[in-house]
Amino acid sequence: MSLLDRKVRGFRLVDLVAVALLVALVLGTYLAKTMAGRERAEIASIERQIGEEKARTRLLEAEVAHLEDPARLERLSVAYLGLAPVSIKRDVGPRDLTDIARTAANTGKLPGEGMSVKPHQPLGFDPTGHPPEPQPASPPVAGAPAR
Amino acid sequence: MSLGLQSLGAETISRWLSRIMWRLEHAFERARASDKPEDDTRIRIFVVGALFATGFAALAIGATRAALFNDAGRGDGSTAPVTTARGDLTDRNGELLAADLLHYGLYIDPREIWDAAETRRALRSALPDLDAARLERALRGGRRTFVMGGLTPQVRSKVYDLGLPGVSFEPEQRRVYPLGYTGAHLVGFVDGGGEGLAGAEGAFNDEIHQLASGDKTMPLAMDLRIQAAAEDELYKSVAQFRPKGAVAVVVNVHSGEILALANYPTFNPNEPGRSSLDARLNRAAAAIYEMGSTFKGFTVAIGLDTGVATPMSTYDARQPFHIGYRTINDFHATHKVLTLVEVFQHSSNIGTARLAEQIGPTRMGRYYAALGLTQPAKVELMESARPLTPKVWDEDAVASTSFGFGINVSPLAVTRAYVALANGGKLVPLTIRKLPPGAKVDGPQVVSPRTTEQLLQIMRANVTGGSGKSANVPGLNVGGKTGTGNKFDPATRRYSSTKQVSSFAAVFPTDGPVTDPRYFVLVLMDEPRPDASGADPTGGIAAAPAAGRIIERIAPFVGVERRMDTAPFTEVNADPNDAKEEH
């Protein structure tokens with residue numbers, strides 16, 4: 001009697017082996033799918049979080065860009081600090097030191113010493129022609145265009 | 001496959017298959033003949049089993065593949081379809097100019113609402129901008145309806161927290177321009193469907209869509225610092241001279257990159273529909289003007305390049321010049337014989353027309369075409385306008401165009417031609433796209449490098465001792481040409497004595513070899529009005545100071561350092577009081 005024809009409690013051995021294999025496969029597949037599903041759900045959740053974080057980051061980037069708008073910064077720096085762009089006349093390099101020393105020796109003054117800084121006037125009107133947005137303590141400027 | 005079949009022989013295979021089928025079909029008879037009927041049953045069971053095994057194996061492979069390599073469900077589900085999504089726009093230093101941001105659309109399904117009055121009250125309280133009529137239509141309708149778009153995540157959370165049944169949201173991408181009106185005409189804007197309509201958004205529409213899928217950005221040539229400085233100084237001049245419109249352009253003459261392009265009036269690209277057509281008009285590209293004396297730079301360059309003139313050539317400006325049926329006068333007559341440099345410094349119409357006559361209509365027309373003045377400015381912007389040029393290049397047309405009348409061109413066309421004259425003679429295309437550092441941009445050679453050297457010195461002489469004095473910036477060797485063109489009044493069919501276009505075309509620095517870094521700045525005012533001083537707002541009064549201030553502010557950004565001031569041809573202009581501006 002071959003191994004395939006042997007019977008255990010009335011069932012052929014080969015059938016029992018096949019059933020056991022089938023059960024193992026079903027169980028294995030079920031476990032693999034369940035674990036994969038759990039992992040997939042976790043991955044999807046993390047990806048969703050990444051997406052939300054990305055969206056939030058982009059929102060913040062856009063907000064930073066808006067807050068760092070040079071026109072806005074200039075308006076605020078003029079309104080609160082009285083700052084103005086540095087005149088190129090105050091820009092010196094190492095090669096200018098000789099001239100500065102010579103001027104100082106001849107006149108007893110450094111170039112630009114006592115030079116008054118021209119107050120930097122804010123724009124004072126909206127170039128889009130729309131009603132201006134409320135600005136923090138922005139002094140009004142006379143002579144705004146009629147349009 | 002067909003090759004394999006051919007090499008095996010299709011006939012051979014079909015014969016083999018037929019034989020197998022025949023053997024299977026007749027196995028029972030053979031088994032009976034050989035007195036072994038059980039063999040037939042076994043064969044049949046084996047065949048059926050093999051078929052089932054093959055089927056299950058195929059299913060197992062498919063299931064394994066689907067389980068392990070399935071891409072479905074990936075992604076956060078919040079990204080918009082690729083067709084409407086757009087990549088970010090940045091300036092040349094990576095500063096954000098335009099971005100798609102996640103917003104939400106609000107939908108109402110009245111079939112799920114229990115208390116319409118409560119829903120109405122809660123929504124109007126949470127969303128004050130909500131259109132009441134639209135809300136009412138949605139509440140009374142019979143299906144799920146879109147009510148409001150552009151809700152930020154915070155606003156969405158606020159509404160979501162109300163816990164209203166029948167109120168739902170759909171994610172949508174919305175184009176946002178965080179800098180508002182800064183660089184609005186250069187950046188452009190999109191329509192509700194996410195298609196670019198103007199500026200870079202319109203020019204690179206397809207490319208920007210493609211960038212969205214790769215999470216990439218498109219850097220523009222614009223330098224935000226230069227753009228902001230140009231806008232600030234332009235708007236200050238606007239406040240002073242109250243023009244109808246104004247333009248400022250800054251260009252790298254070697255690469256043709258537009259570093260700044262400012263317009264007045266301007267608009268907020270976040271709400272283009274709220275602004276007028278006039279505000280949305282990109283005057284630098286889409287408007288055309290009779291530029292006036294800024295064209296004298298071209299005439300002088302052509303005279304030098306053709307060899308018709310040298311800087312020391314003389315022109316009789318003592319009497320008005322008669323050409324064709326016209327008499328040409330100087331705005332401030334000098335009644336002198338002028339050198340070419342003095343013609344430029346005094347902006348003498350008579351001297352320029354005499355030079356143009358010497359050059360001749362054919363050569364003038366050819367040079368104007370070579371400088372790109374007879375075509376729309378070559379730039380990616382779809383707004384680039386076609387110029388109005390003389391139908392016939394005769395003596396009269398040449399005399400008029402030599403000092404900027406009878407030819408209407410866009411500020412960008414003038415910019416491109418001046419860029420060619422300032423970079424050694426190459427007519428490079430203007431671009432709003434950032435080029436790699438040190439990129440070599442080629443173009444047709446329209447004038448010689450020697451002409452560039454001479455013209456730069458003459459332009460410098462005009463700032464040290466001519467009509468462009470107010471643009472001078474110590475240490476930056478600014479050169480330039482003023483222009484004041486009276487506007488043609490269609491109502492009276494005459495040139496207006498009160499409406500004019502004032503401009504200043506500046507180059508800095510003018511010293512050094514032609515290959516040195518160099519920048520072009522154009523400031524134009526359309527119909528400026530006298531300021532408090534009451535002075536006629538000519539190019540030298542209204543535009544040149546703004547150009548000087550822009551140059552002073554942007555020089556550190558473009559890496560131009562202060563150097564020894566030059567003053568070429570000073571011996572020519574012995575009497576500085578002579579240097580009055582002309583139209």
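Analyst: Start with a pair inside one helix. Glu11(B) and Arg15(B) both sit in helix H2 of chain B, residues 10-25. They are 4 residues apart, about one turn of the helix. The two form a salt bridge, and their closest N and O atoms are 3.4 Å apart. Keep in mind that this is a predicted model. Over all chains, the structure holds 32 salt bridges.

Next, the meeting of two helices. Two packed helices are described by the angle between their axes and the distance between the axes. Helix H19 of chain B covers residues 411-422, and helix H20 of chain B covers residues 449-465. They pack at an angle of about 110°, with their axes 8 Å apart. Angles of 65 to 115 degrees count as roughly perpendicular, so H19(B) is roughly perpendicular to H20(B). Which residues meet here? H19(B) brings Tyr418(B), Ala420(B), Leu421(B) and Ala422(B). H20(B) brings Thr452(B), Leu455(B), Leu456(B) and Met459(B). By type, this contact has 7 nonpolar residues, 1 polar and no charged.

Now the backbone. Most residues other than glycine have a negative phi, and most peptide bonds are trans. Chain B has some exceptions to look at. A cis peptide bond joins Tyr264(B) to Pro265(B), with omega about -5°. Pro265(B) is in the loop between strand E7 (258-264) and helix H12 (277-280) of chain B. Another cis peptide bond joins Phe508(B) to Pro509(B), with omega about -15°. Pro509(B) is in the loop between strand E15 (494-508) and strand E16 (519-526) of chain B. Then there is Arg242(B): its phi is near 45°, a positive value in a residue other than glycine. Arg242(B) lies in the loop between H11 and strand E6 (245-252) of chain B.

Finally, turn to the partner chain. The contact takes 48 residues from chain B and 39 residues from chain A. Together the chains bury about 3600 Å², 56% of it on carbon and sulfur atoms. There are 3 salt bridges between chain B and chain A. Asp88(B) forms a salt bridge with Arg58(A), where the closest N and O atoms are 2.7 Å apart. Several elements of chain B each supply at least two residues to the side that touches chain A, among them helix H4 (37-68), strand E2 (96-108) and helix H11 (224-241). The largest share of that side, 7 residues, comes from H11(B). By type, the side of chain B that touches chain A has 23 nonpolar, 7 polar and 18 charged residues.

Terms used: Residues numbered from 1 in each chain as written. Chains lettered and ligands numbered in written order. Predicted model: local features only at pLDDT ≥ 70, side-chain atom pairs only at ≥ 80, totals over all residues. Heavy atoms only, no water. Contact = heavy atoms within 4.5 Å. Buried area = accessible area lost by both parts, 1.4 Å probe. Salt bridge = Lys/Arg side-chain N within 4 Å of Asp/Glu carboxyl O. Nonpolar A, V, L, I, M, F, W, Y, C, P; charged D, E, K, R; others polar. Axes fitted to C-alpha atoms, helices over the stretch in contact; angles between N-to-C directions. Parallel < 35°, antiparallel > 145°, perpendicular 65-115°, else oblique.
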